[in-house]
Amino acid sequence: MKILAIIAGTVFGLGGAVGGYYYFYATSGGSPYDEVGITLNQVMPGAVSDWGCARLEERLAGQLPPLGCQAEGDLRRWR
């Protein structure tokens with residue numbers, strides 16, 4: 001039982017850290033072209049990735065979208 005508690009704590013801790021970093025990246029992070037943030041955005045499920053791209057677009061109006069938030073066929077437009 002103790003090993004399960006350790007594993008569960010580790011999984012939840014890592015999930016919280018990754019989720020927190022992604023939230024910071026999407027809402028107020030320094031650079032929208034941060035490699036870790038881009039990678040996290042690309043591996044997030046569709047609805048979460050869409051949410052992240054929408055927050056980035058609000059924050060970065062007029063700038064080129066980062067990889068993963070580009071419209072299909074036009075790398076200069078947001079999806």
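Student: Which residues make up the largest nonpolar core?

Tutor: Good place to start! This is a predicted model, and its largest nonpolar core has 10 residues: Tyr22, Tyr25, Ile38, Leu40, Met44, Cys53, Leu56, Leu60, Cys69 and Trp78. Helix H1 (2-27), helix H2 (35-43) and helix H3 (46-59) are the elements that give two or more residues to this core.

Student: Why is Tyr22 called buried?

Tutor: Look at its relative accessible area, which is 4%. Buried means under 20%, so Tyr22 counts as buried.

Student: And what makes Phe24 partly exposed?

Tutor: Phe24, in helix H1, has a relative accessible area of 43%. Leaving aside neighbours within four places in sequence, Phe24 is in contact with Gly29 and Gly30.

Student: How do you know that Cys53 and Cys69 are joined by a disulfide?

Tutor: Check the sulfur atoms: they are 2.0 Å apart. The cut-off is within 2.5 Å, so a pair at that distance counts as a disulfide. The search of the whole structure finds one disulfide. This pair links distant parts of the chain, with Cys53 in helix H3 and Cys69 in the loop between H3 and strand S1 (70-71), 16 residues apart. Both Cys53 and Cys69 are buried.

Student: What makes the link of Cys53 and Cys69 left-handed?

Tutor: The angle about the S-S bond is -85°, and with that value the link is left-handed.

Student: How many aromatic pairs are there?

Tutor: The count comes to two. In one of them, Tyr22 and Trp51 have 6.4 Å from centre to centre and 50° between the planes.

Student: Why is the pair of Tyr22 and Trp51 called tilted?

Tutor: The centres must lie within 6.5 Å, and 6.4 Å passes. Tyr22 lies in helix H1 and Trp51 in helix H3, so the pair ties together parts 29 residues apart in sequence.

Student: What makes the pair of Tyr23 and Trp51 stacked?

Tutor: Here the ring centres are 5.8 Å apart and the planes are at 15°. That angle is under 30 degrees, so the pair is stacked. Tyr23 lies in helix H1 and Trp51 in helix H3, so this pair ties together parts 28 residues apart in sequence. Together, Tyr22, Tyr23 and Trp51 form one aromatic cluster.

Definitions and conventions
Residues are numbered from 1 along each chain as its sequence is written. This is a predicted model: local features need pLDDT of at least 70, side-chain atom pairs count only at pLDDT 80 or more; totals for chains, interfaces and linings use all residues. Side-chain values use heavy atoms; hydrogens and water are left out. A nonpolar core is a set of buried Ala, Val, Leu, Ile, Met, Phe, Trp, Tyr and Cys residues joined through side-chain atoms within 4.5 Å. Buried means under 20% relative accessible area, exposed over 50%, partly exposed in between (1.4 Å probe, protein chains only). Helices (H or I, at least four residues) and strands (E, at least two) are DSSP runs, numbered from the N terminus. Contact means heavy atoms within 4.5 Å. Rings of Phe, Tyr and Trp (its six-membered ring) pair if their centres lie within 6.5 Å; planes under 30 degrees apart count as stacked, over 60 as edge-to-face and the rest as tilted.
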